Amino acid sequence: MATLFGSGIKRREDPRLITGKATYTDDVKLPGLLYAVVLRSTYAHAKLKRVDVAKAKKAPGVVAVYTGADVRDKLNTVPCAWNVPNCDLKVPPHPPLAVDKVRYVGDGIAMVVAESRAAARDALDLIDVDYDALDAVVDPEKATQKGAPELHKEVLGNIAFTWKVAGGDAAKAFADAPVTVEQRILQNRLLPTAMEPRAACASYNSGTGQLTCWVTSQNPHIHRFLLSVMTKLPEHRIRVIAPEVGGGFGSKIPGYPDEALVSFASMELGRPVKWTEDRSENYKVTIHGRDHVEYVAMCGTEDGKIMGLRTKVYAGLGGYASTAAPGIPTILHGLMYSGPYTIPNIDGTIYGVYTTTTPVDAYRGAGRPEATFLLERMIDLYARKIGMDPVEVRRKNLIPKDKFPYTVATGITYDSGNYQGALDKALQMFDYKKFRAEQAKARKDGRYLGVGVTTYCEICGLGPSQVAGAVGFGGGLYDSAIVRVYPTGVVRAYIGAKPHGQGEETTFAQIVADEFGIPVENVEVVAGDTEATPQGWGTYGSRTTAVCGSAVKVAAQRVKDKAKKIAAHLLEANEADLEWQDGKFAVKGSPDKGKSFGELALMANVAWNMPPGVEPGLEATAFFDPSNFVYPFGTHICTVEVDVETGEVKILRYIAVDDCGPQINPMIVGGQVHGGVIQGIGEALQEMAVYDENGQLLTGTMMDYAVPKASQMPKIETAHTVTPSPVNPLGVKGVGETGTIASVPTLVNAVCDALAPLGVSHIDKPLTPARVWAAIQQARGGAK
Amino acid sequence: MKRSITLEVNGAPRTAEVEPRALLAYVLRDQLDLTGTHIGCDTSQCGACTVHLDGRAVKSCTVLAVQAEGHAITTIEGLASNGGLHPLQQAFWEKHGLQCGFCTPGIIMTAADLLAAKPKPTEAEIRHALDGNLCRCTGYQNIVAAIQAAADAR
């Protein structure tokens with residue numbers, strides 16, 4: 001049988017999705033279902049003087065109304081689960097409903113439970129809230145300055161933590177270096193915008209003491225734990241089901257108050273309760289991404305050797321510390337300051353800062369896009385200052401391919417890489433020299449073409465559990481699989497991760513089918529229900545295939561080892577004399593007398609004739625904990641033309657060469673790259689969550705927040721190199737976030753390159769026509 | 001306050017008691033159990049709720065259920081006529097035109113309307129036709145390829 005690994009077969013999950021037969025959380029309907037709606041603060045920062053729910057309680061169809069005072073003794077506060085060490089982290093309590101103060105527009109104040117969505121929504125308008133408004137602060141740098149309003153009495157100056165990363169001697173490097181470039185960089189705040197808004201539906205059975213909660217979750221086992229903390233129910237009494245999940249991009253990792261509130265209401269009322277946010281609520285309440293103010297300096301020689309990198313970063317956390325928030329601008333950001341380069345001296349200081357805004361947490365790439373952007377932006381500024389081609393500067397500083405595993409100045413060790421190989425391949429596809437000639441000619445004609453070239457690497461496949469513990473992550477980062485073979489030879493694999501669009505029901509079936517030599521249709525992959533699946537840590541950080549896929553592989557190998565023992569027994573042969581060929585175990589030299597996987601499945605499950613000491617059944621569980629993270633890499637190239645009269649950016653070509661190791665399903669890898677790149681282009685050109693000075697979210701609906709549309713986006717040309725990782729049995733690396741990580745600087749550098757003759761060196765993203773136009777005017781004015 | 005309305009849904013008459021303010025999207029989902037029609041926004045931008053009203057694509061979040069009275073509605077559940085897959089559904093499957101699948105029913109309904117009006121659209125026409133449908137996963141490239149493939153297969 002031909003191997004399935006590497007084959008772009010159609011996805012197993014699609015038939016239900018394209019026919020409308022999938023079940024997302026809001027599709028769940030239970031007898032006696034009630035609907036919950038949450039009243040959200042309209043002030044960014046205010047004392048709550050009075051919350052009067054008397055009228056709402058009497059409204060038609062209303063069953064109950066709860067305020068912060070009603071739930072404060074029944075529910076615990078919302079936990080933060082990434083306790084980053086050595087940074088004096090301060091996590092003030094986050095009540096599920098505000099008690100005496102609100103800290104962002106959208107902070108929950110009360111929850112109405114009613115017989116219908118409409119009745120619950122109507123009753124919200126009957127709740128009377130007396131606010132005593134306080135000053136807002138939305139900029140993370142300004143929030144640390146003297147006189148800024150403070151959100152939490154426990155947190156002086158709003159600084160949640162001060163985290164440092166250092167390697168080499170940056171002070172000496174900057175003192176010695178002949179060239180230094182400096183830049184203030186803004187990482188625009190983003191709205192993750194999974195197309196499915198969040199939802200939670202809880203059903204408590206007082207007879208059994210069991211709570212079942214359907215949640216839009218990327219990590220149902222983490223949500224089970226967080227729900228246990230918040231509801232005070234023991235973990236074994238909670239079943240979390242993440243059914244079909246309509247995208248996450250990080251926003252469905254955290255624990256939110258909402259799932260705890262519907263669970264509480266179901267326990268109080270003895271009826272199932274469902275809450276579903278609408279989009280405007282999603283934009284105010286579901287976590288945001290990025291939001292850094294960065295001061296960055298790079299130093300080096302006159303001939304392009306980078307000597308050092310220094311950063312001071314103000315990372316906005318919003319009103320409270322969300323589940324993984326402290327780890328994003330630190331572990332997943334600062335540790336990646338060397339990128340794919342040999343930068344010997346690094347010094348970074350990162351301040352995590354509370355602001356009166358929606359909490360900020362992991363959004364696609366989570367910390368690495370910010371690190372890659374500042375590094376790639378600084379390299380282009382450095383190249384321009386020393387008059388060297390930016391590609392040559394990159395090439396001169398890339399880690400040589402024979403140096404892996406390679407430990408960078410921040411202390412982490414990259415698994416494998418061939419950065420020059422990906423760069424060469426991308427340049428071959430592109431013909432860089434030819435473009436530079438066209439660019440020079442176009443400039444003479446008054447047309448502004450530009451090119452951006454990004455060489456990146458990133459940390460993913462999270463990760464060794466021991467490291468997770470050492471960096472304060474409140475959980476493990478192994479993952480798990482049960483491979484269960486039925487008497488008829490068909491297989492189910494129950495996995496700890498929770499794919500939500502990435503296609504692992506297909507790719508993991510490919511792994512199992514390959515191992516057993518059976519058709520892929522004979523394998524089902526089950527995820528998302530904590531009742532069925534073993535303890536896992538979820539789908540994020542481009543970890544599912546590298547970590548959970550490896551658990552599937554190991555479990556399948558264990559099953560096969562047992563099948564081999566049974567085959568040896570049935571064939572009356574020595575196990576050592578058997579070989580696996582064409583889907584059968586057979587004695588070497590007599591392949592026609594083998595035992596097929598199907599026969600062995602039956603014999604193991606009926607157990608009529610088992611080898612001595614071997615238990616009946618054919619299934620195995622594996623918990624796979626990788627020895628290191630994986631570090632995918634690649635080169636992205638983009639060309640643009642900028643209309644200097646309007647500031648409009650037109651993308652001419654986009655080339656993505658990525659190396660995620662061997663690909664199980666190239667069609668799915670291609671889809672991950674496309675989607676990732678377009679999300680990055682959104683960040684680079686048009687997406688930004690904007691607050692006014694009072695903390696009102698001005699981009700609070702899809703009318704105002706510019707999610708990329710089909711007509712605005714280019715076609716992506718993809719290619720790959722293949723460098724296996726030594727840290728897992730599949731050799732795979734992650735590819736879910738590479739596109740977003742690489743594309744943002746590629747776009748911005750291309751635009752800045754186009755405008756170089758006008759004297760434009762940097763524009764803060766997103767590069768909207770207005771901003772590009774303003775930068776051109778400013779540069780022209782400055783030249784006068 | 002509620003009114004009884006009868007409309008034709010996927011070829012069969014259906015009756016529902018609805019408030020005059022009820023949006024068609026919610027009635028389809030909550031009362032007629034057709035949850036393939038999704039709701040992804042509240043400002044008529046995302047297009048996840050797109051259905052056909054008398055054969056033309058509409059955003060069912062922007063139609064009152066009472067306005068649909070007496071009209072024919074087709075949802076994703078009723079798109080294929082033969083119990084198999086509609087050519088667009090098949091093409092989305094073949095071309096990896098979806099990832100999380102949440103926007104997909106709306107996009108397929110929009111694409112069906114496009115192909116009915118313009119059997120051989122150019123890439124630019126396809127992308128323009130999708131302006132009222134947002135997808136956050138695919139980057140649109142394989143959606144465009146799927147619609148082209150469905151057009152070519154006709």
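Reader: What share of the 784 residues in chain A is called buried, and what makes a residue buried?
Author: Buried residues account for 60% of the 784 residues in chain A. A residue is buried if 20 or more other C-beta atoms lie within 10 Å of its own, exposed if 12 or fewer, and partly exposed in between, with C-beta atoms placed from the backbone. This is a predicted model, in which local features need pLDDT of at least 70 and side-chain atom pairs count only at pLDDT 80 or more, while totals for chains, interfaces and linings use all residues. Residues are numbered from 1 along each chain as its sequence is written, and chains are lettered from A and ligands numbered from 1 in the order in which they are written.

Reader: How many helices and strands does chain A have, and what makes a run count as one?
Author: Chain A has 19 helices and 28 strands. They are DSSP runs numbered from the N terminus: H or I over at least four residues for helices, E over at least two for strands.

Reader: Why is chain A called as compact as a globular protein of that length?
Author: The radius of gyration, taken over C-alpha atoms, is set against 2.2 Å times the number of residues to the power 0.38. For chain A the radius is 28 Å, close to the 28 Å that this globule rule gives for 784 residues, so the chain is as compact as a globular protein of that length.

Reader: What share of contacts in chain A joins residues at least 24 apart?
Author: Counting contacts between residues at least 6 apart in sequence, 80% join residues at least 24 apart; a contact requires C-beta atoms, placed from the backbone, within 7 Å.

How values were computed
Two residues are in contact if their C-beta atoms, placed from the backbone, lie within 7 Å.
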